[in-house]
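Here is a short briefing on one model.

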Amino acid sequence: MRIPKPFMALVVIMLCCAISCSPDRRPLDEQLREAVDKRLKQYNVKGGSTTVILPDGSTHNIVAGVSEDTVAMRPDMLFATGSITKNMIAALVLQLAEEGVLSLEDSLHDWLPRHPKIDSNITIRQLLGHTSGIFMFWENQKLWDDLIKYRDSVFTPEVVLTYLKDPHFAPGTGFRYSNTNYLLLAQIITKATGSSLSSELRKRFWQPLGLKNMYLSMEEQIPNRLAHVWGDNFEKGGTGKDLTYLPRVSHESITYGSSGVFTTAEDLAVWCKSLFTGKILKRSSLDQMLEFNSDAAGSWCEGYGLGMFLIKKSTTNGERAYGHGGGNIGTSAYMVYLPEYDVSIVVMINFMHGKCPDRILEDIIEIVTDYLDRNKSAA
């Protein structure tokens, strides 16, 4: 019997659809590794390290690509977390508030000297949520010029503040992400505790949680197992350079409080899991951290809390997700928690690239949620 061509075409389409829609039953690690490797190749990024912690506590460490030349990426390699550091600083401030050492409603004149470009009535809460209006020091071109000119020089907080310009708006009347806020928070922490930032982070968080791969640059010696990082180092025509051993003292010192933590994907994922499962803050403090300001909604988030993003659903395969993103010279990173699934995910790559970590994160979330949904329905 002769089968009409239109019918045959329909059969082919249905078969293709059935194949493409069928669940992927390969081991989870194999699916994750394939997804990471695919995106690294797509965006010409050398290597990446990813960790997923499932609800049962099982940890999946995925590495792909290379650190340099033929040196394969390893799970124990350290990456700069960039602005993910802000989440840890925020947690530290909230813990100090729990202890009554300070209040989120304290104003700056309670803790810091007056500054001509900073309104001393700004509160600690406004610093945490980027609603202070304080100028973002990165936006002063002279600062960038000086960073490059004096790569081996330490820029103290007092020096950094000399680059401030007039505020963007009056305190509490808007949102504008500003590293200056977290530099000031770091100064408040050291004054309130009489200790260094790294000492407080280590004593309060890293040691109790057993995080042996957390280091704060400028204050601590970072072991010699950094993933090599690649980029332009703010130089024209410099794309693709190995930046690992180039001088970066000026850059690291200027990010005091707003960046600076180096760690592995696994330790950062453990931090993330610990934060959202009540091992770091009281529930009332975590709830404050998760009060998202919709004025922050834009290209990179749907809202900002206290040291916390409400991550765009276009980056999370439609799932609700909390966390923070970060970038540094030659690195990009995400730390993400899925509350509906109790899953923690960290993505790190050794190149500063916007789309690559976004797509890796989106793929991983799709794979993990499908995996958990399928296992739940089979139970």
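The points below take the helix pair, then the salt bridges.

The model is predicted. Helices H3 and H10 pack with axes within 12 Å. Salt bridges number 17 across the whole structure.

**Helix H3 against helix H10**

- Two packed helices are described by the angle between their axes and the distance between the axes.
- Helix H3 covers residues 85-98, and helix H10 covers residues 265-276.
- Their axes come within 12 Å and cross at roughly 40 degrees.
- That angle makes H3 oblique to H10, because angles under 35 degrees would count as roughly parallel and those from 65 to 115 as roughly perpendicular.
- The crossing of H3 past H10 is left-handed.
- On the H3 side, Asn87, Met88 and Ala91 make the contact.
- On the H10 side, the contact residues are Leu268, Trp271 and Leu275.
- Five of the contact residues are nonpolar, one is polar and none is charged.

**Salt bridges: overall**

- Side chains of opposite charge can pair when their charged atoms come close.
- A search of the whole structure gives 17 salt bridges.
- Among the residues involved, Glu99, Glu200, Lys203 and Arg204 are linked in a network.

**Arg26 and Glu30**

- The side chains of Arg26 and Glu30 form a salt bridge, at 3.5 Å from N to O.
- Glu30 has a relative accessible area of 38%, so Glu30 is partly exposed.
- Arg26 is also partly exposed, because its relative accessibility is 26%.

**Arg74 and Asp76**

- Arg74 and Asp76 meet through their side chains in a salt bridge, with N to O at 2.9 Å.
- Arg74 has 35% relative accessibility and therefore counts as partly exposed.
- Asp76 has a relative accessible area of 34%, so Asp76 is partly exposed.

**Arg359 and Glu362**

- A salt bridge joins the side chains of Arg359 and Glu362, at 2.7 Å from N to O.
- Both residues lie in helix H12, which spans residues 355-378.
- Arg359 and Glu362 are three residues apart, about one turn of the helix.
- Glu362 has a relative accessible area of 21%. Buried means under 20%, so Glu362 counts as partly exposed.

Methods
Residues numbered from 1 in each chain as written. Predicted model: local features only at pLDDT ≥ 70, side-chain atom pairs only at ≥ 80, totals over all residues. Heavy atoms only, no water. Axes fitted to C-alpha atoms, helices over the stretch in contact; angles between N-to-C directions. Helix = DSSP H or I, 4+ residues; strand = E, 2+ residues; numbered from the N terminus. Parallel < 35°, antiparallel > 145°, perpendicular 65-115°, else oblique. Left-handed = near helix turned anticlockwise from the far one by under 90°. Contact = heavy atoms within 4.5 Å. Nonpolar A, V, L, I, M, F, W, Y, C, P; charged D, E, K, R; others polar. Salt bridge = Lys/Arg side-chain N within 4 Å of Asp/Glu carboxyl O. Buried < 20%, exposed > 50% of the residue type's maximum accessible area, 1.4 Å probe, protein only.
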